[in-house]
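This report describes a protein model and works from the overall fold down to individual side chains.

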Amino acid sequence: MLCRLILLILWMVLEHILSEFLRWVLLLLWIQLKKKIISLNLKLNLMKSSNIWKIVIGAVSAALGYILNAIGL
């Protein structure tokens with residue numbers, strides 16, 4: 001009984017830690033993505049539209065890869 005209570009408490013603490021870590025990782029990824037978007041907007045006039053789409057798709061797929069890697073999939 002005491003062992004189950006301790007395990008339950010440990011599980012809740014671990015879940016909270018992982019949740020906060022995932023939130024932190026997603027926040028960092030969001031900041032990086034915003035920086036990339038700002039950088040792309042500044043160079044918008046210099047690039048062709050096809051190159052812009054390639055960069056946007058690459059940035060989005062990289063962000064999704066980081067997210068999936070962070071949650072362990």
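Is Glu 20 buried, partly exposed or exposed? Glu 20 is partly exposed, its relative accessible area being 33%, where buried stands for under 20%, exposed for over 50% and partly exposed for the range in between, with a 1.4 Å probe and protein chains only.

The model is a predicted one, in which local features need pLDDT of at least 70 and side-chain atom pairs count only at pLDDT 80 or more, whereas totals for chains, interfaces and linings use all residues. Residues are numbered from 1 along each chain as its sequence is written, and side-chain values use heavy atoms, with hydrogens and water left out.

The protein has two helices and zero strands, these being DSSP runs numbered from the N terminus (helices H or I, at least four residues; strands E, at least two). Of its 73 residues, 7% are buried, and carbon and sulfur atoms account for 73% of an accessible surface of about 6600 Å², as computed by the Shrake-Rupley method with a 1.4 Å probe.

There is one salt bridge, defined as a side-chain nitrogen of Lys or Arg within 4 Å of a carboxyl oxygen of Asp or Glu. Glu 20 and Arg 23 form a salt bridge, and because these residues lie three apart in helix 1 (residues 2-42), about one helical turn separates them.

Lys 36 also has its place in helix 1 and, at 54% relative accessibility, counts as exposed. Two residue pairs are set out below.

| Pair | Atoms | Distance |
|---|---|---|
| Glu 20 and Arg 23 | closest N and O | 3.0 Å |
| Lys 36 and Ile 55 | C-alpha | 9.5 Å |

Lys 36 and Ile 55 are 19 residues apart along the chain.
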